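This report covers strand pairing, helix packing and the relation between the chains.

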There are 2 protein chains.
Amino acid sequence: MTAVTTLLTAIAGIGRDARSGGYVRPVFSTAERDLRSWFLAEAAQRGLDVEVDRNGILWAWWGLAGPDAVVTGSHLDSVPGGGAFDGPLGVAAAFGAVDVLRERGFTPARPLAIAVFPEEEGSRFGVACLGSRLLTGALSPDAARTLTDRDGNTLADVFAAGGIDPRWIGPDPETLARIGVFVELHVEQGRGLIDFARPFAVAESILGHGRFKVSVRGEGNHAGTTLMADRRDPVVAAAAMVGAIAEVAGAIDDARATVGRFEPVPGGTNVIASSVDFWIDARHPDDAVTRRMMADIDRMCGDIAAARGCEAVLVEESWSPTVGFDPTLAGRLGAALADAPHLRTGAGHDAGILASAVPTGMLFVRNPSGISHSPEEYVTDADADASAAALADALQELLS
Amino acid sequence: MTAVTTLLTAIAGIGRDARSGGYVRPVFSTAERDLRSWFLAEAAQRGLDVEVDRNGILWAWWGLAGPDAVVTGSHLDSVPGGGAFDGPLGVAAAFGAVDVLRERGFTPARPLAIAVFPEEEGSRFGVACLGSRLLTGALSPDAARTLTDRDGNTLADVFAAGGIDPRWIGPDPETLARIGVFVELHVEQGRGLIDFARPFAVAESILGHGRFKVSVRGEGNHAGTTLMADRRDPVVAAAAMVGAIAEVAGAIDDARATVGRFEPVPGGTNVIASSVDFWIDARHPDDAVTRRMMADIDRMCGDIAAARGCEAVLVEESWSPTVGFDPTLAGRLGAALADAPHLRTGAGHDAGILASAVPTGMLFVRNPSGISHSPEEYVTDADADASAAALADALQELLS
């Protein structure tokens, strides 16, 4: 078998920023396409049949593609400056698990597939879990086609260039019906497993998660000739909003609100900006609390803008309700992994989208740094290699 | 003669963003190089000899290049999203003024040159008036060569690609010695001329002007899994700094401090940034006040960063002291323009740099919007066309 660390080492140079050590692998970039080629090669080496469905999801089949399949996998795209494990670990562990099962001489009673979902991070088109949302119908193909990246390219054009005909993206009940059960293995993205001193956990639920864009309009002008009192500076207004957002979220138990992207227009040093776009990522275990928090933030942004002669518009870009995973499946997975602990997670995953359509579970691998979406995200070699056998144990339980 | 409006119409499409109507003409971009070609063509059409000096400054000569020349001109680069007049008006008016003087049958007793200075806005490499600073020695060639643009290109590479050998940039006493007097005509960038109901003014002084870069380091992490209390979020810290900067400047009579460029790294929606870079443009008529204000801001940024578990480093990128223009020259220029009013300005100009080396003056043209560094910057057709004769009057006074 090929060790998971060996599989990951083979792609360690793809899309890596040499200065920061972070990965930049947006969907259908050269980097992500190189990763897709790597996936095809690894599948071919194992004699797995590969297909690319009409939403750009990759499938590698052990056994004939068909209904009641046990499906595992994850994603290969990254956030800008992400870590090495977020996504690829689940794909590499899936190949490793196939190797382990074969070495055990195990013959699956049902087909097994490894899937790779595009644009899980939403870092290119702003909608997280885009592939699984299209597959399940949670995102309409019309809405998807007109999404644009930072350079103004539409999703339709980018998918077409990636070999996916954008006319045919959208709900795919036949493909979905083949999934009997889906299990995603993923690096844990917080400190959840550190306290347990255990390498693996089973997911209990995923926090609800919304993305919102705030556009603040003021009046562009010259930084030298315009007196402070004459300004309608959207950067100052937006900065006040950022502060208020952190305060509001900080005052609500278990809430998170993050501004990680903030873009003044035109963005010149000696120019009072004419507008600012910034994005809010908001989460709480209780969707009603997230909704109330965002309503408060919306009102506050309006007030702050008005006080500075600006205007602010807050728009929801995506919304994923809190997902509780199938408790029976979670119980079976936990039992197969030596009574692995159950964890809630704040991070979104394709598994969270698929859970609305098929029995779905997740396995988490310990992250000793407790940091993710950063080059500091970390999995020990021992845990990475052990994840193949752990996933094999879980799959064997489901395939038997 | 060619009307100034006709000259400007010929370049109205170069580097224009169709959506915003603003101009993006960074030094040695395709747009700015197209403008340089336009300059060469207009000079050739008037039989003016053209040279490009070793700092990339363009010179078009009426008469033999030589000492004691009367030099006029401005710049062709723009801030991102700038107006149509900031820079090009002074160049177009210079060609118009040559036409007017020739129609008057005037024969200059001294050589006349039209000059175009590169990177006046500093929008590509961060140092305003870069060409005139190199010429006069206010910026060392070693420091200049290693400046980088947003894409990481060095000034040395960009200048080389633009046909300027970066080994030879730097102080150029021989070229400087040819300038007997320099007069720059420029669109007024504030509301200064609106109240006078006059089309032209003479510059009295330029506000001191500093550019500073603030780098805030925190801890990058996952937006969903990291509790608010566990964060060291540099965006929240930097946003608080932006608010504090506006407050400090607002409390000092006649001070300006602007943050127009703000860049979280890596800049993903679902990523707590690991760092933020932002830039401060600071100005006050009294340099000591600007220095004190920046010392306050530096201390405040440190305090705000520390309170949020971050670190902030403030670095001066450029500094231009307040410049008072030659009062005798200003008097002659004002008299030649029907007793034009004298104005202080908050905007920096190459004339402000050259004033340290040669007798220098400026003429301002009314801007009815009072807005600059924005597509809303404006000069009426009548004022633009009249600027040729006004500049001709001023030059004739100096050339006689």
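Strand β7 (residues 208–217) and strand β11 (residues 275–284) of chain A pair in the antiparallel sense over 10 bridges; two strands pair if DSSP finds at least two bridges between them. A:Lys213 has A:Trp279 in β11(A) as its bridge partner. Helices (H or I, at least four residues) and strands (E, at least two) are DSSP runs, numbered from the N terminus.

This is a predicted model, where local features need pLDDT of at least 70, side-chain atom pairs count only at pLDDT 80 or more, and totals for chains, interfaces and linings use all residues. Residues are numbered from 1 along each chain as its sequence is written, chains are lettered from A and ligands numbered from 1 in the order in which they are written, and side-chain values use heavy atoms, with hydrogens and water left out.

The strands β7 and β11 belong to an open sheet of 4 strands in chain A, with the order β9-β11-β7-β12 and antiparallel pairing.

| Edge strand | Residues |
|---|---|
| β9 of chain A | 256–265 |
| β12 of chain A | 311–320 |

Helix α8 (residues 234–250) of chain A lies across β7, β9, β11 and β12 of chain A, at about 175 degrees to β9(A). Axes are lines fitted to C-alpha atoms, for helices over the stretch in contact (heavy atoms within 4.5 Å), and angles run from 0 to 180 degrees between N-to-C directions.

Chain B can be laid on chain A with an RMSD of 0.1 Å by a turn of 180 degrees and a shift of 0.0 Å along the axis, the superposition being by least squares on C-alpha atoms of residues with pLDDT of at least 70 in both. That is the relation of a two-fold axis.
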